[in-house]
Amino acid sequence: MRILIVEDDPVLADGLTRSLRESDYAVDCVNDGGEADHVLAAQGYDLVILDLGLPRLDGFEVLRRLRRRGSRVPVLALTARDALDERVKGLDLGADDYLTKPFDLPELEARLRALIRRGQSGGGSVLAHGALALDTAGRRATLNGEPLDLSARELGVLEVLMHRSGRVVNKEQLADQLYGWDEEVGANAIEVYVHRLRRKLEPAGVTIRTIRGLGYLLEKPPHG
Amino acid sequence: MAKPSTLRRQLLVWLVGPLAVLWSVSTVVDYDVANQFVTAAYDRSLLDSAIDIGRQVKVTDGVIRVDLPEVVLEMLVTGEPGKFYYLVTGPKGEYIAGHKGLPPPPDPETDKANYYDAEYLGLPVRIAALYLPLESGSMGSVLIQVAEGVTARADSARQIMIRMMLPQGLLILLAVLLVWYGVGRGLAPLTSLRREIASRSHRDLSALPEEQAPQEVRPLIRAMNGLLARLSQVLAAQQRFVADAAHQLRTPIAGIKTQTELALRQAQTGEAQAALRQLQTATEQTTRLVNQLLVLARAEPGAERGHRQQSLDLTELARETATEWVPRALSRNIDLGFDGSPNGTRIEGDPFLLKEMLNNLLDNAVRYTQPGGQVTARVSAEARKVALTVEDNGPGIAETEREQVFERFHRVLGTGADGCGLGLAIVREIAQSHGADVTLASGANGTGTAVRIAFPRAA
């Protein structure tokens with residue numbers, strides 16, 4: 001897994017490089033836009049972390065040239081600005097996600113994993129959550145290696161919750177996920193699925209919290 | 001000591017001064033004119049009296065006599081009664097009739113009537129003297145002198161003068177009143193301008209209206225508008241500077257943060273970890289401060305943010321923001337919930353600022369509420385308002401401190417939490433820039449804090 005970091009601040013670039021190397025990614029780092037453009041034209045990467053405010057050639061231009069060359073490599077944009085239009089502009093030009101500085105390292109790593117997963121989609125993948133695992137291609141879940149008896153809709157709800165583990169998922173998002181099966185999935189139906197899931201998962205210490213007025217949240221497992 | 005000069009006073013001084021001088025000069029001239037006319041008229045009638053007396057002079061057998069019955073004499077009196085004198089003197093200067101001792105004319109033996117001022121019995125008198133040839137021409141002429149007191153003349157002259165002066169005085173009084181009123185009326189545009197400026201909020205640096213002002217006031221308004229424009233330019237530049245500085249700070253902070261988190265993972269000893277945690281906390285505080293500076297720079301008056309204003313659903317925005325805060329709340333074991341209204345919650349606003357306002361409210365609530373506590377964000381549609389409330393059951397804010405917490409860098413003592421004290425100042429600044437009212441109250445059951453922000457509802 002090869003990642004290119006394009007960041008002109010040496011302290012941040014060094015921090016990012018070392019932490020990603022620690023997670024066993026192969027990391028290259030350049031500190032200006034022109035160099036980034038050259039490197040990206042010459043080599044293939046699995047992911048690019050791109051600062052938008054770069055000297056010489058700014059991140060937007062690097063991104064525009066990258067996409068013009070037909071590259072579909074996932075790009076995570078970093079910006080010190082927060083004007084909404086800048087984000088939109090970055091995404092329009094083909095950034096897949098963005099983070100505003102300063103960010104939490106775990107947050108960055110989670111976004112990276114999500115982008116890489118998206119880049120590899122098609123083959124399906126296994127979502128893991130502590131003792132819980134869900135094979136998105138095989139459409140089955142296991143708890144401590146034991147198969148879990150879940151209906152297709154329960155599995156659908158669990159998949160969304162696991163994808164966004166530790167974050168809130170609202171009922172509309174769950175309903176959207178289930179739309180393929182039912183013509184209309186009411187809020188009550190979702191409550192029923194969540195209730196059933198809870199009954200099956202709670203004995204193993206997996207908790208689905210109800211967040212008042214907002215939705216549900218799959219609590220992060222105690223370790224990693 | 002010196003009163004500030006007013007336009008009114010200056011105008012009055014410049015108007016009343018010369019008018020008063022003019023009035024005094026005119027008094028002198030008027031008196032002179034009146035006097036001339038009065039003298040001419042009275043002299044004429046005095047001469048008539050002399051002629052009438054002359055008609056009564058008869059010569060019988062060479063003896064000159066004057067036959068003047070009392071009735072005739074009374075008819076001759078034109079001035080004050082009792083102050084009428086006459087004297088008839090013969091050709092040789094012999095006394096014929098009348099009051100002895102009337103002063104003789106200074107210019108004797110002329111044909112013309114002779115008027116002169118003199119004194120008789122200690123009183124000032126006016127005398128008319130007339131030489132009248134006797135019927136038998138050879139005998140010469142008799143001198144007829146008629147005198148009267150001058151008091152009546154002076155009175156008449158004074159009466160005439162007063163009647164001339166009075167309208168002039170009234171005219172001056174009228175001029176003063178007109179100036180007083182006219183200046184007030186003329187300055188009315190300035191008064192309304194003053195009201196317009198006084199009633200302005202410090203947020204409003206837009207140009208003053210020029211259309212209704214009179215030509216003379218326009219340059220003043222234009223100059224003031226120029227000043228306002230320069231002021232808002234300076235403010236905007238200052239805010240851009242703060243915003244730029246905040247943006248510039250973010251990258252090095254990101255570096256510190258990343259390095260700290262990395263070092264924390266690799267730290268071997270407990271002491272190193274403790275030190276790094278402190279560093280992490282400090283970095284987070286710095287981040288918050290930088291973000292809040294940025295928000296203040298944007299929310300303050302003069303910031304160029306007009307184009308960011310849009311119609312938005314406050315429920316949607318609040319739900320989204322509250323959602324982002326759930327992980328933080330859960331990590332502190334706080335039950336964060338949301339209660340929205342399905343419709344009627346659209347307002348006009350800047351989504352970035354409103355989101356930052358909510359971030360601050362939720363951050364405060366989550367930060368200061370004890371673990372196990374509850375925080376609720378609520379959006380409700382009211383008759384003309386859309387109310388956003390963030391309520392917690394934390395320690396609350398004493399009533400005496402409720403106003404102060406809105407001030408910058410104020411921190412509630414004894415809370416021990418690591419806020420930077422800009423949170424509520426930002427909330428209020430953003431609320432004001434949206435025309436919303438902020439109220440701080442106790443939460444449900446009188447415990448905790450409820451911050452309520454009432455926005456005008458979008459049409």
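## Chain A

In chain A, 53% of the contacts with a separation of 6 or more are between residues 24 or more positions apart. Two residues are in contact if their C-beta atoms, placed from the backbone, lie within 7 Å.

This is a predicted model: local features need pLDDT of at least 70, side-chain atom pairs count only at pLDDT 80 or more, and totals for chains, interfaces and linings use all residues. Residues are numbered from 1 along each chain as its sequence is written, and chains are lettered from A and ligands numbered from 1 in the order in which they are written.

Chain A has 224 residues, of which 34% are buried. A residue is buried if 20 or more other C-beta atoms lie within 10 Å of its own, exposed if 12 or fewer, and partly exposed in between. The chain contains 8 helices and 12 strands; these are DSSP runs numbered from the N terminus, with at least four residues (H or I) for a helix and at least two (E) for a strand.

## Nonpolar cores

A nonpolar core is a set of buried Ala, Val, Leu, Ile, Met, Phe, Trp, Tyr and Cys residues joined through C-beta atoms within 7 Å. The largest one has 105 residues, and A:Ile49 and B:Leu336 are among those with the most contacts inside it. Helix H8 of chain B (residues 351-368) supplies its largest share, 9 residues. A second, separate core has 24 residues, including B:Tyr86 and B:Ala129.

## Where the chains meet

In the contact between the chains, 22 residues of chain A meet 26 residues of chain B. Helix H1 of chain A (residues 10-22) gives the largest share of the chain A side, 6 residues.
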